[in-house]
Amino acid sequence: MSNLPKIWLSSPHMGGEEQKFVNEAFETNWIAPLGPNVEGFEEDLKQYLGSTHHVACLSSGTAALHLALVQLGVGLDDEVICQSFTFCGSSNPILYQGAQPIFVDSEELTWNICPQALEEAIKDRIKKTGKKPKAIIAVHLYGMPYQVEAVHEVAQNYNIPVIEDAAEALGSHYKGKNCGTFGSLAALSFNGNKIITTSGGGAMVAPTKELKQETVFLATQARDEAPHYQHSQIGYNYRMSNLVAGVGRGQMLVLDKHVDLRRKMNQFYVDLFKDIDGIEVLQEPNYDYFSNHWLSCILVNSDKTKGIDREQIRMAFLAENIESRPLWKPMHLQPIFENTPFYGSSVAEKLFENGLCLPSGSNLTDDDRSRIKKVIVELFN
Ligand SMILES: *Cc1c(COP(=O)(O)O)cnc(C)c1O
């Protein structure tokens with residue numbers, strides 16, 4: 001094992017101004033799940049997304065996805081379609097609502113939900129249950145926009161709302177329109193490993209002010225207007241704290257720079273693997289897609305690499321104290337989702353078996369890149 005410092009997959013990268021906003025919160029005693037930093041961060045995000053949408057800051061991305069299901073009225077008797085190839089934060093909220101998840105495979109271009117398999121799933125669920133699924137959760141995984149037009153066309157044909165999981169895709173866009181603005185509701189995440197972080201946090205992006213206000217209402221225990229505590233609906237304690245929102249305001253100042261640096265990391269890997277047969281770096285299929293390249297990922301075809309497989313690459317990095325990680329394990333293969341219906345073939349499964357996420361942080365140095373390159377050059381020579 002190497003004694004050199006660890007190179008992380010994706011670690012927090014502060015820009016320098018964050019502490020100023022946090023100090024302000026201390027000085028003014030706004031140490032609460034409301035305050036000027038929460039409002040300021042919401043306004044910054046709103047501007048960033050093009051001012052067409054409204055933003056409610058929450059305690060996590062998972063909380064945003066949960067509230068999206070609540071706001072769309074998903075309950076016990078409902079089915080919700082979800083991209084199988086994703087993080088459990090996309091799908092667990094379906095179970096929180098007692099609803100039935102229905103998983104759908106990925107396509108090979110963007111690795112996200114396959115529009116054909118999606119339609120097949122909708123048709124078959126209607127046939128089997130006499131009722132259409134209540135919502136579709138589509139994910140821009142690793143920052144790569146899903147096939148926006150094709151997916152939304154299927155959803156519109158059946159009049160099913162799409163919840164957009166943009167947890168990994170702040171700064172990505174499709175045909176010039178920002179990820180986070182396509183869904184009936186959308187979720188962002190500011191967890192410690194995301195493109196910007198508040199240590200932990202998330203947000204709902206809503207197309208109307210009323211929907212944003214409903215999110216805030218539900219996220220603060222659904223208090224009716226009364227001098228005492230009065231509740232006629234079940235609420236949640238999901239609002240973002242004013243302290244962490246201060247970190248978010250500071251991070252907004254460096255978001256574009258971070259997108260640029262992560263995209264440069266992706267280009268570094270494209271160059272590194274360009275002459276190595278059997279390794280494909282996930283890239284935008286065409287100029288309609290713009291990925292923030294939150295994580296750079298490769299797919300290994302060991303028939304073409306003289307037998308070198310994903311695990312060998314991962315272990316070679318590990319020996320040099322460099323973190324890398326298999327791609328998301330599809331939800332339909334997870335123990336908690338055993339016996340859940342799945343539509344599609346084996347695209348997601350093959351991605352999981354042969355794919356690897358590589359160090360992608362905006363804070364990686366030339367020295368880090370030399371160490372990464374050395375591992376690959378030595379392994380493939
Ligand atoms: C991070 C993430 C979430 C959940 O966000 P948290 O803020 O960690 O709760 C949901 N979906 C995807 C795809 C994510 O990567």
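Biologist: Which element gives the most to the shell around the ligand?

Modeller: This is a predicted model, in which local features need pLDDT of at least 70, side-chain atom pairs count only at pLDDT 80 or more, and totals for chains, interfaces and linings use all residues. Residues are numbered from 1 along each chain as its sequence is written, and side-chain values use heavy atoms, without hydrogens and water. Helices are DSSP runs (H or I, at least four residues), numbered from the N terminus. With three residues, the element that gives the most to the shell is H3.

Biologist: How many residues surround the ligand?

Modeller: A residue counts as near if one of its heavy atoms lies within 4 Å of the molecule. Among the closest are Asp165 and Lys194. The number of residues around the ligand is 16.

Biologist: How far is an oxygen atom of the ligand from an N or O atom in the side chain of Glu168?

Modeller: A polar contact here is a pair of N or O atoms within 3.5 Å. For Ser189, a polar side-chain atom is 2.7 Å from a ligand oxygen. For the side chain of Glu168, the distance is 2.5 Å.

Biologist: What area is buried between domain 1 and domain 2?

Modeller: The domain assignment, automatic or from a database, gives domain 1 (18-254) and domain 2 (256-380). Buried area is the accessible area (1.4 Å probe) that two parts lose on being put together, summed over both. Carbon and sulfur atoms give 64% of the buried area, which is about 3,900 Å².

Methods:
A polar contact is a pair of N or O atoms within 3.5 Å; within protein, one must be able to donate a hydrogen and the other to accept it, and residues adjacent in sequence count only if both atoms are side-chain atoms. Helices (H or I, at least four residues) and strands (E, at least two) are DSSP runs, numbered from the N terminus.
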